There are 2 protein chains.
Amino acid sequence: MAKSPSAMGGQGPAIWAIDPWASSAGRMQQLLTDEERVRLAVIASIVRFKKRAVIYREGDRADAIFNIISGVAAAYKKAPDGSEHITAFLLPDDLLGLSEEGKYTNSSKAITPLTAYRLPLPALRSRLSKDAALELHVICKLCQELRQAQRHGFLLSQRRAISKVVMFLQLLEQLQAARAEQVEEIDLPMDRSDIGEYTGMTLAAVSRAFRRLIARGIIKVRNRRRVTITDRDAFDKIAGHPIEPGHGMSNRAS
Amino acid sequence: MAKSPSAMGGQGPAIWAIDPWASSAGRMQQLLTDEERVRLAVIASIVRFKKRAVIYREGDRADAIFNIISGVAAAYKKAPDGSEHITAFLLPDDLLGLSEEGKYTNSSKAITPLTAYRLPLPALRSRLSKDAALELHVICKLCQELRQAQRHGFLLSQRRAISKVVMFLQLLEQLQAARAEQVEEIDLPMDRSDIGEYTGMTLAAVSRAFRRLIARGIIKVRNRRRVTITDRDAFDKIAGHPIEPGHGMSNRAS
DNA sequence: CGGCCGGTTGAGTACAATCAATTCTGGTGG
DNA sequence: CCACCAGAATTGATTGTACTCAACCGGCCG
């Protein structure tokens with residue numbers, strides 16, 4: 001069971017985003033109507049990827065985009081020296097497969113086991129040009145991704161490692177809060193080095209930042225993948241206030 | 001004269017971008033047909049801003065988007081400590097005014113004197129939903145902005161100041177090359193501190209990076225605003241190779 | 001039990017931030 | 001045409017933070 005889309009509670013591709021124009025109190029919503037999802041399902045196939053599998057590579061001919069059903073993916077770029085920079089984490093109902101001149105502009109890999117719809121571009125394009133409402137929904141999603149990318153840039157512009165990590169956690173928390181009812185625990189599907197590649201710091205620096213947050217009683221970690229924020233005030237203060245006054249080694253609580 | 005759109009050689013709003021699907025050899029093209037531009041001109045008004053003027057502020061009710069006719073703008077976010085982070089520079093034919101839930105998600109200011117079309121959102125929205133071709137063009141433009149934002153993120157993830165500055169120059173050069181025929185000199189409409197806010201470094205660090213590039217004979221600057229690349233090999237090598245082996249103070253050419 | 005992988009920790013170094021002069025540039029008015 | 005001014009850019013000295021490299025831990029799986 002739970003193999004066919006409908007059995008999984010989904011009738012086809014899905015796009016969740018915040019409408020850039022309507023006000024919806026920070027809640028994401030399903031942008032596609034059931035009918036649209038069915039129409040898209042006709043041209044889609046379902047594909048699966050194992051953890052760490054590459055979904056597509058930068059420069060490959062872009063013949064399809066993907067719509068995540070379950071799991072987490074990362075879009076990344078490889079620097080000539082071999083290091084990777086993650087440009088985005090993609091969650092269920094996100095779109096994946098940005099292209100330019102018919103070629104993918106970044107690579108993409110599965111962070112967890114992944115299921116996705118695969119939408120061939122030619123079919124999608126002709127579908128789009130016939131359906132103005134569907135196009136508008138795609139526009140909404142792209143606006144959302146753009147905001148996300150700008151927010152990522154803001155995170156990267158932070159100088160202090162601890163600020164970056166806190167902003168990263170905020171990001172994840174809000175994403176998860178916008179989808180689920182209640183999140184008192186943040187889920188980290190990616191490992192420390194993935195976080196490092198996203199935040200532009202080394203694995204070691206990520207680890208140290210986490211440890212410092214724990215030492216100050218601001219967060220608590222369980223499974224290495226489940227984090228709770230225990231001091232919201234301090235947490236928000238660090239995110240907002242990159243240069244914390246009195247940040248020195250005088251941790252009066254140690 | 002030169003007041004009405006047609007007299008300025010433009011028939012209305014314009015969107016330049018690279019089609020994500022067709023292959024066009026890195027050249028940007030006008031996405032809108034003359035007819036579309038006229039239809040948009042009907043709902044648009046022309047606005048002017050002086051250098052350093054704020055176009056809109058984060059959190060303002062988003063009632064319009066802007067389409068730059070001439071000049072350069074910057075989208076930015078202000079950190080609680082007062083410092084600003086520039087998320088994008090916007091050139092002629094770019095769109096400006098990203099919103100979420102009816103509010104602008106960032107502020108925006110004119111870097112140079114600026115002329116732009118102002119497109120009220122309600123009118124634009126109803127126009128969009130009636131015109132599938134136009135929507136597709138907006139989608140193209142958004143993809144382009146998304147790529148640009150990801151590239152910016154990649155730049156920000158670089159550790160060495162010199163790499164950031166070189167990547168920044170590459171960015172500008174390619175933008176200008178995609179529009180004009182030939183660019184042997186890069187134009188920097190923004191000042192050093194703007195560059196610092198975009199690249200996530202201080203004004204002083206930007207200056208030092210420029211000086212080092214000049215000292216190594218890699219670039220030459222004239223007006224503070226006109227830069228020539230004099231050693232393309234070294235230039236590209238720095239952009240690509242963040243951690244240059246033998247990077248020390250032994251600059252054999254000094 | 002041993003190896004492996006992800007994560008943590010330590011010592012030393014390199015780089016950019018900071019803060020504070022100082023110089024350069026372009027524009028203005030005498 | 002030149003002297004002067006204000007803003008932009010450069011430079012210097014010092015400090016802080018994250019990187020590097022490398023050792024070490026702890027759980028998990030064969």
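In what order do the three strands of the open sheet in chain B lie, and is their pairing parallel or antiparallel? In this predicted model, the order is β13-β15-β14 in chain B, and the pairing is antiparallel. In general, the strands of a sheet are joined through backbone hydrogen bonds, in either a parallel or an antiparallel manner.

The edges of this sheet are formed by β13 (186-187) and β14 (219-221) of chain B, each of which pairs on one side only. Two bridges link β13(B) to strand β15 (residues 226-229) of chain B, in the antiparallel sense. One residue pair can be located directly in the structure: Asp187(B) has Arg226(B), in β15(B), as its bridge partner.

Attention now turns to the contact between the chains. Chain A contributes 45 residues to the contact, and chain B contributes 45 residues. On the side of chain B that touches chain A, at least two residues are supplied by each of β7 (84-90), β9 (99-100), α2 (121-129) and α3 (132-157) of chain B. The largest share of that side, 17 residues, belongs to α3(B). Sorted by class, the side of chain B that touches chain A comprises 21 nonpolar, 16 polar and eight charged residues.

How are the two chains arranged relative to each other?

Definitions and conventions
Residues are numbered from 1 along each chain as its sequence is written. Chains are lettered from A and ligands numbered from 1 in the order in which they are written. This is a predicted model: local features need pLDDT of at least 70, side-chain atom pairs count only at pLDDT 80 or more; totals for chains, interfaces and linings use all residues. Two residues are in contact if their C-beta atoms, placed from the backbone, lie within 7 Å. Helices (H or I, at least four residues) and strands (E, at least two) are DSSP runs, numbered from the N terminus. Ala, Val, Leu, Ile, Met, Phe, Trp, Tyr, Cys and Pro count as nonpolar, Asp, Glu, Lys and Arg as charged, and the others, Gly among them, as polar. Two strands pair if DSSP finds at least two bridges between them.
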